[in-house]
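Biologist: I would like to go through some of the terms used for this model and hear what each one rests on. Please set the values against the cut-offs.

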Amino acid sequence: MLLPTSQLAAVPSRPNLSSRSHGANQLIPLLRSCKSIGQIPQLHARVIKAGQDRNPLVLFKMLRLCSKLSSVDYALQVFETILDPDVYHYTALLEAHVALASPHSAIELYLRMVGEQIRPDAIVIACVLKACASVSALPDGRQVHCQVVKLDLGRERRIKMRLMELYGRCAQFEDAKLVFGEMPERDAVAATILVCSLSDHGLLEEARAVFDSVLDKDTVCWTAMIDGYVRNGLANAALDLFREMQGECVRPNEFTVVCILSACSQLGALELGRWVHSYVGKNKVRLNSFVGSALVDMYAKSGSLEEALVVFDEMEEKDVVTYNSMIAGLAMHGRSNEAVKVYEQMVRDGLRPTQLTFVGVLNACSHSGLVDVGFEVFESMAKDYGLEPRMEHYGCMVDLLARVGRLEEAYEFAKGMRVEPDHVVWSALLSACKIHGHRSLGEKVARILIDSEAADSGTFVLLSNIYSSFGKWKEAARIRANMRGKGILKEPGCSSIQVDNEIHEFLLGDIRHPRRKEIYKKLEDLNGVVRQQGFVPAKDVVLQDIEEEEKEWALAIHSERLAICLGLIATQPGTTLRIVKNLRVCSDCHSMIKIVAKVTGRRIVVRDRNRFHHFEDGSCSCGDYW
């Protein structure tokens, strides 16, 4: 419990620290010039020798120095020597705890301060509210808010900002809006806090309403709304807002650039990503590791691995995030051996791999069947870096074994995991059972998944498909009925292609496009051409109990084929076609696209849920390794 504010009201606030002795005048410049934690004890010894270890100002400067150099333990030792600490001393220590991400310690220190009947001021209140917000400590935050009202500090702008942050972080949006409404000026900074809070909880319409209410929006406010769209998967909305920002002549900063590059990555919008890259160069936005990593990620996810490698090689400042982006990019494009080499270079450069690093490397091994390398890397996590493997790392190993057909070994590995396997791990194994035709193990894994409450739409569809592939139509129908009964909707297959800086999206059998007649005419022509090349539709891919002719048509109208047809009629001959699909490309489409690339002389790059496929001259970069 916090001390009743009535007992604090009469307590004087910040004392006067302006008085200095001759000794203090000599010591303070030394404290200001200190750059190393190792020098602090020596300086402290000089403070004591000079008889200034009771001087409030010198002790305050000592605490600030410890905070600045992240030496909170020594700051605590100094603090405990102070006979009568005042609000300045508490402020210095509070700020140290908050800066070093120790919010609970900061809250406890604040309780001790008010328990000593030291009256908090706006600086202390703002600091402890920040600590409460960082750990969503709503009850403590509300008590502090009560003190704000009783101490008549509610008009302080910095406190209002922190209260909005607290209530927004704790999803108390009505309270956050009340504070926002009380502000004399609804400025861009206050609006940005509210926009971020609402976006964090997926309330994009409400966030946009707040954003639109601000007349004088600055770069940070625009960036917050763009970032909200990107983080919630609304990349097109983010790009539209970015265009509005340009129309208002608001200059983007490096954070805006990273947000837009992330949106381009989601959509595979390579041309727009290239424009952003050129903007970075023309406007002298610094190509630091932050921006550079986003560029590498954008180019890799948009299908141009070559440009990603160019950016990576040109970067003078590389950090772990940069290396992680490059490793993941190479893995997605099937360049597994190169991904492993980049990882090895990263280690040689003295950078410590993170959990995400190992996900990238293990994915690379999985995509090319590098079993021995994969196990070596996996075992090095704990042995060399003290990192405990997480679910995603175990999942990569199960996938690695399953893809090469070592299904029983993959099953035993999953059963021996130190954490309980989730539905993603079992789904990877089930998918491999379907591909390799291992019915008995597939049914065993299917039973595990059926009993799992965490199964998503993809899991149910996969279960239904594996039963269908074994001809068990009743079981497949039962799984789909169970899925409908749980209110789980199947994620529809969707493919997109960028033509003339515009993103065109297609669903299965889509007839919404303005050029649909031309698209379907081109599809009909292609079907005839590929048949002449010996292509035979893999009707067994259609896991529905329908007539053979219907199966052939169901394959012909897959969304990626419609996107390719638009690309063929809407771009110049020889232009590379880049397709983004939200689901995995089926084996029938994979076979057909290889022939289409050959007969049209086009390079076709398809990014599906798992990785990239580069189709050229009748072959694919994945080497048909599924």
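Modeller: We can begin with D617, which is placed in the loop between strand 5 and strand 6. The model is a predicted one, in which local features need pLDDT of at least 70 and side-chain atom pairs pLDDT 80 or more, while totals for chains, interfaces and linings use all residues. Numbering runs from 1 along each chain as its sequence is written, and side-chain values use heavy atoms, with hydrogens and water left out.

Biologist: What makes a stretch a strand, and how many are there?

Modeller: Strands are DSSP runs of E with at least two residues, helices are runs of H or I with at least four, and both are numbered from the N terminus. By that rule the chain has six strands and 32 helices.

Biologist: Why is D617 called exposed?

Modeller: Its relative accessible area is 66%. Exposed means over 50%, buried under 20% and partly exposed in between, with a 1.4 Å probe and protein chains only, so D617 is exposed. Its phi is near 55°, a positive value in a residue other than glycine. The hairpin that holds D617 has two residues between strand 5 and strand 6.

Biologist: How do you know which strands pair, and what sheet do they make?

Modeller: Two strands pair if DSSP finds at least two bridges between them. The six strands form an open sheet in the order 2-1-3-4-5-6, with mixed pairing. Strand 2 (502–507) and strand 6 (619–620) are called edge strands because each pairs on one side only. Strand 1 and strand 2 share six bridges in the antiparallel sense, with S496 facing E505 of strand 2 as its bridge partner. Strand 5 and strand 6 have two bridges, also antiparallel, and E616 stands opposite S619 in strand 6.

Biologist: Why is the β-α-β unit of strand 3, helix 32 (residues 587–600) and strand 4 given a handedness, and which one?

Modeller: With the strands pointing away from the viewer, a path from the first strand over the helix to the second that runs clockwise is right-handed. That is the label this unit receives.

Biologist: Which way do the side chains of strand 4 point?

Modeller: I604 and V606 point one way, V605 and R607 the other, and all are buried. In a regular strand the side chains alternate between the two faces of the sheet.

Biologist: How do you know that strand 5 is mostly covered?

Modeller: Four of its five residues are buried. H614 lies in strand 5 and, with a relative accessible area of 11%, is buried. The H614 side chain is 2.9 Å from that of R603. A polar contact is a pair of N or O atoms within 3.5 Å, one able to donate a hydrogen and the other to accept it, and neighbours in sequence count only through side-chain atoms, so this pair qualifies.
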